[in-house]
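Subject: Structure handover

Hello,

Here is the structure for you to look at. My notes on it follow below.

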Amino acid sequence: MTNLVTKYMGIELKNPVIVGACNLVINVDNLKRMEDAGASGIVYKSLFEEQIQLENLQMFEEMQAFGNSNAESGGLFPDIDHAGPEEYLMKLREAKESVDIPVFGSLNAVNFESWIEYSKKIEQTGVDGLEINLYSVPTDVEIMGKAITNEKIDILQAVKNTVKIPVAVKLSAYYTNPLYVIKEMDKLGADGFVLFNKLFQPEIDIDNEEMRFPYNLSNHDESRLPLRFAGLLHGNINASICSSRGIFTGEDVVSMILAGADAVQVVSTLYKNGINQIESILTDIARWMDSKDYKTLGDFRGKMSRQNISDPFAYRRAQYVDILMKSDEIFKLFPVK
Ligand SMILES: Cc1cc2nc3c(=O)[nH]c(=O)nc-3n(C[C@H](O)[C@H](O)[C@H](O)COP(=O)(O)O)c2cc1C
C-alpha cells in the first residue's frame, strides 16, 4: 500500500498535488471537485494590488483602457466582478470553509504597506498559509538587480514579522542567482518556495499593430526549469520545495520528487485535461511507486538531486554540449529536409 503523505510548509498533506492559484478556484463547486479528485491543498486566487487600489478611480480607468497587464493576473478577477479587497477576503473565507483540505491565501501586492496590511487580513480569514508572489518586471535601465533582490527580501521579512501562519514565496526565476535569493529568504524563515511563478509576456498583433496579453497556459517543457532547481536545492534549505510550471502528469510529479520537491502545484493541466486529472496523476504516482516497491515519498525524494547523483555535471550543463560535441546525433533525430 503506497503512502503519498508529504509535508509542505510544516503542514501535513495527504499527497503532494496542490492546486495552484488560478481562476478555477474562485468557484466553490470547482473547489469541491478538486477536493473530491484528491487535491491535497488549494492556493486561492491572488489578491492583487490593483484590487487593493480599486478605490483609486484613475487606476480603475487605466485598467479598463489597457486591459489587465499585470503578470499572473490571468484576466485579473473576472468572476469577482470589480471586487475590492473586502469582497475578495469574504470569498477567500468562504473558500476556506467550503473544503476540508488546507487552503492557502495568495498575495500579489506592490506597495510595501499593502504587503503588511493584506497579509494580516488574509491571515484573519482562517487560511492555513500564505503564498506571496514576488516578481519584478524590469522596465527601468537604472535599477541594479541587487536593489530589486533586497526589496523582495525586505518584503518577506516584513510579512514574516506580521503573520503567524506559514509563508511560502512564489518566486521568479529571473534573478542572476536564484539560489542566493532563496538561501537568503530561507534564513529569514520562509516556510516554502514555489518554483517558479510564470509571468504573462505580451504578444504583438501584427495586423492591428497592438499589444496583446493572451492567457498563456504552460507547456510540458517548462517543467525542466523547476526540476533543475528542485535538484539543486534539495538538502540545502530548511523550507519546503514546491515545484510549479508545466506539471501535467503523474510522471512529471514523480520526476519532481526524485529531484527533491516536497510538493507540486498544478494549474494548466486542470484547464487542459479537466479537474479529474488530479485523480489520474495520483493513480499514476501510486502505480509507479508500486512498480518500484517504494512505500513512501521519502523512499525516493531527492534520489536524483545534485547531492545524490554521481554525475557532477548533470545539474551544471547549460548548453547543449552533447549536441555540440556529437553534431551528427541531431540529424538522426531531425533529418535535414
Ligand atoms: C487563468 C490563470 C490565472 C492565474 N492566476 C494566478 C494568480 O492569481 N496568482 C498567481 O500567483 N498565479 C496565478 N496564475 C499562475 C499559476 O498559479 C501558475 O503559477 C502557472 O499557471 C504555472 O503553473 P502551470 O504550469 O501548472 O499552469 C494563474 C494562471 C492562470 C492560467
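**Notes on the model**

Aspartate 293 is found in the loop between α11 and α12, where helices (H or I, at least four residues) and strands (E, at least two) are DSSP runs, numbered from the N terminus. This is a predicted model, in which local features need pLDDT of at least 70 and side-chain atom pairs count only at pLDDT 80 or more, while totals for chains, interfaces and linings use all residues. Residue numbers start from 1 along each chain as its sequence is written.

Aspartate 293 has a positive phi of about 65° although it is not a glycine. Aspartate 293 counts as exposed because it has 8 C-beta neighbours inside 10 Å; the cut-offs are 12 or fewer other C-beta atoms within 10 Å for exposed, 20 or more for buried, and partly exposed in between, with C-beta atoms placed from the backbone.

The loop between α11 (277-292) and α12 (321-325) also holds lysine 295. Lysine 295 is exposed, since 12 other C-beta atoms lie within 10 Å. Its contacts, not counting residues up to four places away in sequence, are Thr2 and Asn3; two residues are in contact if their C-beta atoms, placed from the backbone, lie within 7 Å. Lysine 295 and threonine 2 are 293 residues apart in sequence, yet their C-alpha atoms are 4.8 Å apart in space.

**Whole chain**

The protein chain has 13 helices and 13 strands. Of its 337 residues, 41% are buried. Among contacts with a separation of 6 or more, 73% are between residues 24 or more positions apart.

The largest nonpolar core has 78 residues. Such a core is a set of buried Ala, Val, Leu, Ile, Met, Phe, Trp, Tyr and Cys residues joined through C-beta atoms within 7 Å. Ile42, Phe193, Cys242 and Val264 have the most contacts inside this core, and α9 gives the most to it, with six residues. In soluble globular proteins, nonpolar side chains tend to be buried together. Not counting residues up to four places away in sequence, valine 264 touches Pro16, Val17, Ile18, Cys242, Ser243, Ser244, Ile247, Val253 and Met256.

Helix α8 is mostly covered, with seven of its 10 residues buried. Those residues are Pro226, Leu227, Phe229, Ala230, Gly231, Leu232 and Leu233. The elements that cover them include α7 (178-187), β9 (192-195), β12 (240-244) and α9.

The axes of α8 (residues 224-233) and α9 (residues 250-259) come within 7 Å and cross at roughly 30°. Axes here are lines fitted to C-alpha atoms, for helices over the stretch in contact, and angles run from 0 to 180 degrees between N-to-C directions. The crossing angle makes α8 roughly parallel to α9; angles under 35 degrees count as roughly parallel, over 145 as roughly antiparallel, 65 to 115 as roughly perpendicular and the rest as oblique.

On the α8 side, Pro226, Leu227, Ala230 and Gly231 meet Ser255, Met256 and Ala259 of α9. This contact has five nonpolar, two polar and no charged residues, where Ala, Val, Leu, Ile, Met, Phe, Trp, Tyr, Cys and Pro count as nonpolar, Asp, Glu, Lys and Arg as charged, and the others, Gly among them, as polar. Just after α8, glycine 235 takes a positive phi of about 85°.

**Helices α5 and α6**

Helix α5 (residues 112-123) and helix α6 (residues 145-162) pack at an angle of about 30°, with their axes 9 Å apart. That makes α5 roughly parallel to α6. From α5, the contact takes in Phe112, Trp115, Ile116, Ser119 and Lys120, and from α6, Ile155, Ala158, Val159 and Thr162. By class, six residues of this contact are nonpolar, two are polar and one is charged.

**Backbone points to check**

- A cis peptide bond, with omega about 5°, joins leucine 195 and phenylalanine 196. Phenylalanine 196 is in the loop between β9 and β10 (203-205).
- Glutamate 209 has a positive phi, near 50°, in a residue other than glycine. It is found in the loop between β10 and β11 (210-212) and counts as exposed, with 7 C-beta neighbours inside 10 Å.

Regards
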